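Please keep the sequence and the structure in view while reading.

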Amino acid sequence: MTNSQTPQITIAIDGYSSSGKSTMARQLAKTIGYRYIDSGAMYRAVTLYALRHDMINRADNSVNAPLLVASLPEIAIDFKVDGDNQSTLLNGENVETEIRSIAVSQCVSPVAAIPQVRHALVAMQQKMGESKGIVMDGRDIGTTVFPKAEMKVFVRASAQTRAQRRLNEMIEKGIATTFEEILANVVSRDHIDETRDESPLRCADDAIVLDNSVMSVEEQNNWLLDLYKKVVASL
């Protein structure tokens with residue numbers, strides 16, 4: 001869709017966990033020929049590293065922050081595109097399925113709340129977006145990572161709707177869990193994301209809000225593409 005006459009912009013899509021923002025962002029990037037970066041997957045990869053190296057207490061999900069911070073230079077995160085699929089690489093290993101597990105979901109918010117972790121990943125993300133032509137989704141993309149992004153969207157949906165979407169994803173991947181367990185995780189993550197001291201989840205003042213609680217995937221994708229067209233036409 002893009003051509004030499006179309007300006008390259010930065011697109012920031014923020015929102016609550018399991019709100020569908022990653023699905024929207026990935027599809028938009030594919031349609032307009034941009035690079036897609038799943039910032040949430042980066043935090044999940046760090047969380048998986050911490051779990052594998054016994055830096056998280058499984059009893060209460062508390063994190064050994066000093067040990068994890070000291071290990072950050074040893075953590076390399078990248079993405080691999082294979083056709084329509086994109087996988088997250090942790091030190092060269094494809095961990096896409098493992099980072100979507102409920103075990104990682106239960107611990108990712110405490111890990112993401114550690115200031116030094118956020119600083120390290122924000123620096124990585126900003127490096128990835130230096131040349132524009134990027135769609136990135138997460139919790140603080142429009143407020144912290146790319147505050148000057150030309151297009152900002154904030155996605156929300158009810159906790160029940162988001163839990164059901166997450167359950168459907170888990171079922172498709174063959175991961176055993178329950179709606180109640182996922183709903184509790186969604187509510188807990190919302191609270192942690194909204195109240196953390198470092199880059200809390202909030203809607204940027206210049207973001208367009210989308211509540212997609214009753215929208216189909218096709219409807220939200222069309223909405224986002226229409227917004228993109230309006231933004232680039234105004235530049």
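In this predicted model, strand 3 and strand 4 (residues 85-90) pair in the antiparallel sense over 6 bridges. Within this pairing, Phe79 stands opposite Thr88 in strand 4. The two strands belong to an open sheet of 3 strands, whose order is 3-4-5 and whose pairing is antiparallel. Strand 3 (77-82) and strand 5 (93-94) form the edges of the sheet, since each of them pairs on one side only.

Which residues of helix 9 are buried? They are Gln220, Asn221, Leu224, Leu225, Leu227, Tyr228, Val231 and Val232. Because these buried residues fall within an arc of 160° when seen down the axis of helix 9, they line one face of the helix. The face turned away from this buried side carries the exposed residues Glu218, Lys230 and Ala233.

Strand 1 contains Ile13. Is Ile13 buried or exposed? Its relative accessibility is 0%, and a residue under 20% counts as buried, so Ile13 is buried. Leaving aside residues up to four places away in sequence, Ile13 touches Lys21, Ala25, Val135, Met136, Asp137, Gly138, Val153, Val155 and Leu224. Leu224 is also one of the buried residues of helix 9. Ile13 and Asp84, in turn, are 71 residues apart in sequence, and their C-alpha atoms are 20 Å apart in space.

The protein as a whole has 9 helices and 8 strands. A compact globule of 235 residues would have a radius of gyration near 18 Å; the protein has 17 Å, which agrees. Along the principal axes, its C-alpha atoms fill a box of roughly 55 × 40 × 35 Å. Of the 235 residues, 51% count as buried. Among contacts with a separation of 6 or more, 74% join residues 24 or more positions apart. The protein exposes about 11000 Å², of which carbon and sulfur atoms supply 50%.

Conventions. Residues numbered from 1 in each chain as written. Predicted model: local features only at pLDDT ≥ 70, side-chain atom pairs only at ≥ 80, totals over all residues. Heavy atoms only, no water. Buried < 20%, exposed > 50% of the residue type's maximum accessible area, 1.4 Å probe, protein only. Helix = DSSP H or I, 4+ residues; strand = E, 2+ residues; numbered from the N terminus. Arc of directions from axis to C-beta. Contact = heavy atoms within 4.5 Å. Rg over C-alpha atoms; globule rule 2.2 N^0.38 Å. Areas by Shrake-Rupley, 256 points an atom, 1.4 Å probe, with all protein chains shown as cover. Pairing = 2+ DSSP bridges.
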